[in-house]
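Subject: Structure for your review

Dear colleague,

Please find below the structure that I am handing over to you. A short account of the findings follows it.

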Amino acid sequence: MSSLETATRPRAAPPAARRAQLSGWGRTRRSSALLYAPHSEEQVAELLAQAPAAGMIARGAGRSYGDPAQNADGAVVEMTALDRIDAPDASRGEVRVQAGATLGRVLEALARDSLTLPVVPGTSHVTVGGAIAADVHGKNHPSAGSFGRHVSALELLTPAGERLLVSTDSEPELFAATLGGMGLTGLICAATLRAVPLRAPYALADVERVATLEDALGLIAEAPHSHAIAWLDLLAARRGFARAVVTRSREGDGVPERALRVGAGPHPGVPERFPGGLLRPALVRAFNEAQWQRAARPLRERPISVDAQLFPLDRIERWNNLYGPAGLVQYQFAVPAGHERTLRSVLEALRAERLPMYLATVKRLGAASTGQLSFPLPGWTLAIDFPAGAAGLAAALDRADELVVSVGGRVYLAKDARMRSEMLAAMYPQLDRFAAARSRVDPHGLLRSDLARRLGMVA
């Protein structure tokens, strides 16, 4: 293995722990763990060396919807204090970033040198470590791939006390296992990311509404826009079901400003104890109708901010609290190209159960990542938000899983909070390769999480 440094590094006093109740962004499946907040890589190494029998997992900003950054009765290492962003190397088009830095801060720092990241997910609050562990994707996946495609190298701490530099050239199997590996191959301390020129601090968008899901897919598939997404109305009655507003956008043509502020300005926030009963189908249906009417006239080449293009939900702080104390479940799945009818089949099956489907989006996916547990595959992905307490939700989603698997599709692990363990191998055919790579760096299974136990990835 390519070792940067080993356990001979100077030992550092580990930070104190506190008992904490943790959950993902969906605020379901809470569990209690010892939470550590190290301020240096030396402290991270010391914590890993002293990992308890119940194991350890890293945690970033807590933006995964389910339970991959939790470890019931074990240890959780909060990495957000390790957030240094080095000066970019413009000649190589790269920047080294510690794992706890959020993508929003990285974008702001790069913009000072007229650079940006080629791929970001739907929120700027994800940390670099979390983006790698989930191998996140964006609205430009067909052209840019997932986040891991633009990671040149990883600095990984393993339970054996090694600090490894991992890339496609050095330890390619471990590199592929770490992309989308949900933090189970080691604690990511830093990464070298590819940066691309930022030509303008805004985007140009085409926005139009279409009557059906199938029309939306056809519009998204058209060139030449770099980014595309469709919002679906799944509460509309009768023939209006799954009508869509499609937004396709590309980078603007102007000269970039000296600094780009991502998430700048005050944003309204939803209080922690927001009563979930206020978010009812009737209210969401009215909101959906307003969205539909706003898109009555198509817009062409409309200038929009980077936030509006990439991170629309970031404009409402803590929007997950809208679902009340019971939380929300986001069901995100992908199906291969040629199986678009399965998208409709899943929606109709969920509709037949009278489930409240409050927010839904569909995107096109391009070539698969090299990550062994990476989610995207060539085809389509659909994401639906449900109130976690909806009657019959668990059984209905289990049946939806069967439809997805039957055509070679899969569920996104970073969003999952409920999938049955027997579905994992069917959805992720490289699971054995992942397990082999993981066992080499963690033979005693010290890296573990609630998700990993729930899905049978660890003993």
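The second largest pocket holds about 470 Å³ of space; please note that the model is a predicted one. This pocket is lined by 23 residues, and those closest to its centre are Thr 116, Leu 117, Pro 118, His 227 and Glu 251. Helix H4 (141-144), strand E11 (196-197), strand E14 (243-251) and helix H8 (306-310) are the elements that each give two or more residues to the lining. The largest share, three residues, comes from H8.

I turn next to the aromatic rings. A pair of such rings is described by the distance of the centres and the angle of the planes. The count comes to four aromatic pairs. One of them is formed by Tyr 331 and Phe 333, a tilted pair with 5.4 Å from centre to centre and 35° between the planes. Tyr 331 is buried, at 1% relative accessibility, and Phe 333 is buried at 0%.

Phe 375 and Tyr 412 form a stacked pair, because their ring centres are 4.5 Å apart and their planes lie at 20°. Phe 375 belongs to the loop between strands E17 (359-365) and E18 (379-387), and Tyr 412 to the loop between strand E19 (410-411) and helix H11 (424-427), so this pair ties together parts that are 37 residues apart in sequence.

Finally, the charged end of Arg 63 sits over the ring of Trp 25, 3.8 Å from its centre. Likewise, the charged end of Arg 410 sits over the ring of Tyr 428, at 4.9 Å from the ring centre.

Yours sincerely

Conventions: Residues are numbered from 1 along each chain as its sequence is written. This is a predicted model: local features need pLDDT of at least 70, side-chain atom pairs count only at pLDDT 80 or more; totals for chains, interfaces and linings use all residues. Side-chain values use heavy atoms; hydrogens and water are left out. On a 1 Å grid over the protein atoms alone, a cavity is a set of points where a 1.4 Å probe fits but cannot get out, and a pocket is an open set with protein on both sides within 12 Å along at least five of seven lines; lining residues have an atom within 4 Å of a point. Grid points are joined across faces, edges and corners, and a volume is the space filled by probe spheres set on the points. Helices (H or I, at least four residues) and strands (E, at least two) are DSSP runs, numbered from the N terminus. Rings of Phe, Tyr and Trp (its six-membered ring) pair if their centres lie within 6.5 Å; planes under 30 degrees apart count as stacked, over 60 as edge-to-face and the rest as tilted. Buried means under 20% relative accessible area, exposed over 50%, partly exposed in between (1.4 Å probe, protein chains only). A charge sits over a ring if NZ of Lys or CZ of Arg is within 6 Å of the ring centre and within 35 degrees of the ring normal.
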